[in-house]
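Good morning, and thank you for coming.

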Amino acid sequence: KENKTLKKLKLGNCGLQPEGLEEVIKGVQVNTKLETLDLSDYTIDNKSASCLGMMLKENKTLKELKLRFCGLQPEGLEEVIKVVQVNTKFETLVLSGNTIDNKSASCLGMMLTENKTLMEVELLGCGLQPEGLEEVIKVVQVNTKFETLVLSGNTIDNKSASCLGMMLKENKTLKELKLWNCGLQPEGLEEVIKGVQVNTKLETLDLSLNTIDNKS
């Protein structure tokens, strides 16, 4: 609350309990300098997630929020996502290792439609199903700010891969796409590759740990 110079705060895996975590979040709420907050590897229950959402509504400086492997459930996750939707400062959102069901994915898609500043989203190993994945991909297709998208560790079937290929053909800003260990099969992989073929902005593509046959 009092510090006027701190820009980055990392508290990954510090064993903070929900009550203590909420005290930190309340301090960040009124802080006027902090730009990066990393609370990875904590258990954030729905009450703490609600507190986090309130903080994001009030804070005017935070640009980067990292919540890797926080055990966030869909209800709590939606609290965070809804606020990022209207936040005008956010550039990076990391939600890897939390559970995103189809309803949360739809909420995420809506957020990506409305938010005009977000440039990087990391959703590694979130248990995204093809339907939810497509919600995210379709929005990225028309997003004009996005530069980095991490979908590694989620299941991408041939239909989702086709959707991904279409996104790559249309999107004009994406520079980095990570799809390692997504269970991509040759047919789906080819759809992605065809999209990359005509894309004029992509600089990094990670397809590690997917099945690439001779035709692919």
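Predicted model: local features only at pLDDT ≥ 70, side-chain atom pairs only at ≥ 80, totals over all residues.

Residues are numbered from 1 along each chain as its sequence is written, and side-chain values use heavy atoms, with hydrogens and water left out.

Let us begin with α1 and α2. Helices here are DSSP runs of H or I with at least four residues, strands are runs of E with at least two, and both are numbered from the N terminus. Helix α1, residues 18-30, packs with α2 at an angle of about 5°, and their axes are 9 Å apart. An axis is a line fitted to C-alpha atoms, for helices over the stretch in contact, and angles run from 0 to 180 degrees between N-to-C directions. Angles under 35 degrees count as roughly parallel, and α1 and α2 are therefore roughly parallel to each other. Among the residues that meet, α1 contributes Leu 21, Ile 25 and Val 28, and α2 contributes Cys 51, Leu 52 and Met 55.

Next, consider helix α3, residues 74-86. The buried residues of α3 (buried means under 20% relative accessible area, with a 1.4 Å probe and protein chains only) include Leu 77, Val 80, Ile 81 and Val 84. Their cover includes α2, β3, β4 and α4.

In α4, the buried residues include Ala 105, Cys 107, Leu 108 and Met 111. The buried residues of α4 pack against α3, β4, β5 and α5; contact means heavy atoms within 4.5 Å.

I turn now to the threonines. Thr 148 is found in strand β6, residues 148-150. Is Thr 148 buried or exposed? Thr 148 is buried, because its relative accessible area is 12%. Not counting residues up to four places away in sequence, Thr 148 touches Met 119, Glu 120, Val 121, Leu 174 and Glu 176.

Thr 173, finally, is found in the loop between α6 and β7. A polar atom of the Thr 173 side chain lies 2.7 Å from the backbone oxygen of Phe 146.

Definitions and conventions. Buried < 20%, exposed > 50% of the residue type's maximum accessible area, 1.4 Å probe, protein only. Polar contact = N/O pair within 3.5 Å; in protein donor to acceptor, adjacent residues only side chain to side chain. Parallel < 35°, antiparallel > 145°, perpendicular 65-115°, else oblique.
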